[in-house]
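Open the model in your viewer and keep the selection tool at hand. This tour goes stop by stop.

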Amino acid sequence: MRLLLVEDDAMIGSSLVKGLGRENYTVDWVRDGPQAEAALDLAPYRAVLLDLGLPRGDGLTLLGRMRARHDPTPVLIITARDGLSDRVKGLDAGADDYLVKPFDFEELSARLRALLRRASGRAEPVIRYGALTLNPLTREVSCRGAQVALAPKEYKLLAALLDKPGAVLSRAQLEDRLYGWDEPIGSNAVEVHLHHLRAKLGEGIVCNIRGQGYKVADVE
Amino acid sequence: MNSLRARLLIALLGTLLAVGAFASLATYLSARAEIDDLLDEELRQVALSLRDYSTIDLTMLGPPQLDPGHRVVIQVWDWRGSALYMSNAAVRLPLARDAGFEDVRTGSGDWRIFVLPAGGQTIQVGQPLELRRELAAEVALRILVPVLAVLPLLALAIWWIVGRAMVPVNRLAKVLKARSPTALDALPAHGVPDEIRPLLEALNGLLARLAEAFDAQRRFAQDAAHELRTPLAAVTLQTQLVEMASSDAERSEAISALKQGVTRTARVASQLLALARLDPESVSTPDARVDLSATVQQAAAELQPLARARGVALQVNAAAGAHVAGSADALHALVTNLLDNAIRHGGDGGRVEVKLGLQTGQALLTVTDHGPGIAANERERVFGRFARGSAATEVGTGLGLAIARQVLRLHKGAIELDDAPHGRGLCVRVKLPAQAEQP
């Protein structure tokens, strides 16, 4: 899951990148409005964590522009502005959730999960598709009832494929969801991780659609 | 006696009583003089009318037919001094030596007598002075009694009128009593008597100033709370990263980040405190003689460790003898903040030059760094509380320049930001009125 973090404070930014990284999110961190705009243009993000008080451009302006161009990416505002009117303004501007600083990392993480769940149209926290079960909270994956231990990149791949179950994702799309800007990508890195993933899950779970990409099969 | 009502009551009733008493006394005296004239004339007439009677006639006649109320006593003496006739045996007046009017004192009170020698005999007509006093007092009382009678009525009237006059004041008091401590809007001046209006206006003026001060405080507290959230959020996250660390290396890295977070939070708190202390509302004009050169040297020495840690060369050139009038603590905070800013934002491994000199009665302090500087259009904004330059890469409190400006306001100094003379960097110029050399 690739997230965009828009936060001007260096300490909070680096802490969030580290903490969210541990939860297997890929986080791109920008520190001001123009950088955030540029990032949104370049890559698809599953969610945006948005601070409101930004140098060169306010967070609400950025959010307004996103919604004006019909960008549906879920946005979670994280800010020190705790007034009722601020919260109302933030949500009315198109934010999906609002978290006031200082906040607990666990709460941010839970809200983020809820946000992603709602965005993918699911009601229950555990993702079930075909023979697969994926629990975003515990990051546990099971296939045909048996627990499967996945490496972080393999988990990320599977989570991306299960985000819209059955949808076909190209290699480039998978790369985009897996890697942040500052991570070097080997030419066939995604293939290598896919290979391991398919080996661990067994035959017929992750299928290769020739010329298009990969998808998760709806099999019992 | 602190009640207006009681004071008015006593003053007004007392005055009325004094006026009444004076009028009565004056009436008494003038009545007494008139009565004296009148009754003296009566005595004389009686004596003259008796001159034509012989003693025998008098004895035959008995007491003369006179108004008994006038209590006139008639005595006739012969030339040897023995009494020939006494109209009232109970009253014995001494035989007067000279003719005419005289006041005599006897066993039965004071008497006014008229002596008329008449051919060997002496006719003496007397009347008690008591009578005259009574008559005059009666007249005087006719003035005094109504005054006394009207006193209680007047007292009631004053009590009521004063009560009525105090109604607006009481209403004001009720309004004030019912107010919450945060309601600082002006009191209604409607229906307030002119005499109380100055008090009300002064009160409203005070309320307005209070509201302003409250507002400033509230704004500051809000700003402060808001600004503390960011470092606290960082510390919260950093603490959780320590908990989540899975290896010793990760943990020690997280702890070192946490330490920085705590240091920053403490710095924000102390800067906020410094700013609150410099609030012009709460600070009296400082006027100690402060050696600015020593202050600069001291601040530079204190910041030397920070400079060393960042590989910044701190060059101080502070000419001795620059003295200013002010608060040593505030000036120290000013210099510390400017140097701290320059070291933090001037870029690692750079150079910070501090110069202090005297120029036409002004102490001139310049702090120059080689950092990214502050764009001309941001130079006013960065003096605001919690403002940071957009080029700043360093985590700051956003309070340093706000503190500097506040200190300079208190010391009638000036501050300006400029490009460093050698191109890249920021040059901060501070001017303070210098004190003359001490003799």
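Start between the chains of this predicted model. Chain A and chain B bury an area of about 1,900 Å² between them. Carbon and sulfur atoms give 62% of that area. Now select Met11(A), Arg22(A) and Pro102(A). In chain A, these residues lose the most area to chain B. Together they account for 33% of what that side buries. To see the whole contact, show both sides: 21 residues of chain A touch 21 residues of chain B.

Next, go to chain B and select residues 328–345, helix 8. The crossing of helix 8 and helix 9 of chain B is left-handed. Show side chains. From helix 8 of chain B, the contact takes in Ala330(B), Leu331(B), Ala333(B), Leu334(B), Asn337(B), Leu338(B) and Asn341(B). Helix 9 of chain B brings Gly400(B), Leu401(B), Ile403(B), Ala404(B), Val407(B) and Leu408(B). What is the make-up of this contact between helix 8 and helix 9 of chain B, counted as nonpolar, polar and charged? Ten of its residues are nonpolar, three are polar and none is charged.

Last stop: chain A again. Select Met1(A), Arg2(A), Arg46(A), Ala160(A), Asp163(A) and Arg177(A), which line the largest cavity. Its volume is about 30 Å³. The structure holds one cavity of 30 Å³ or more.

Methods
Residues numbered from 1 in each chain as written. Chains lettered and ligands numbered in written order. Predicted model: local features only at pLDDT ≥ 70, side-chain atom pairs only at ≥ 80, totals over all residues. Heavy atoms only, no water. 1 Å grid on protein atoms, 1.4 Å probe; cavity = no way out; pocket = protein on both sides within 12 Å on 5 of 7 lines; lining within 4 Å. Points joined across faces, edges and corners; volume = space filled by probe spheres on them. Axes fitted to C-alpha atoms, helices over the stretch in contact; angles between N-to-C directions. Helix = DSSP H or I, 4+ residues; strand = E, 2+ residues; numbered from the N terminus. Left-handed = near helix turned anticlockwise from the far one by under 90°. Contact = heavy atoms within 4.5 Å. Nonpolar A, V, L, I, M, F, W, Y, C, P; charged D, E, K, R; others polar. Buried area = accessible area lost by both parts, 1.4 Å probe.
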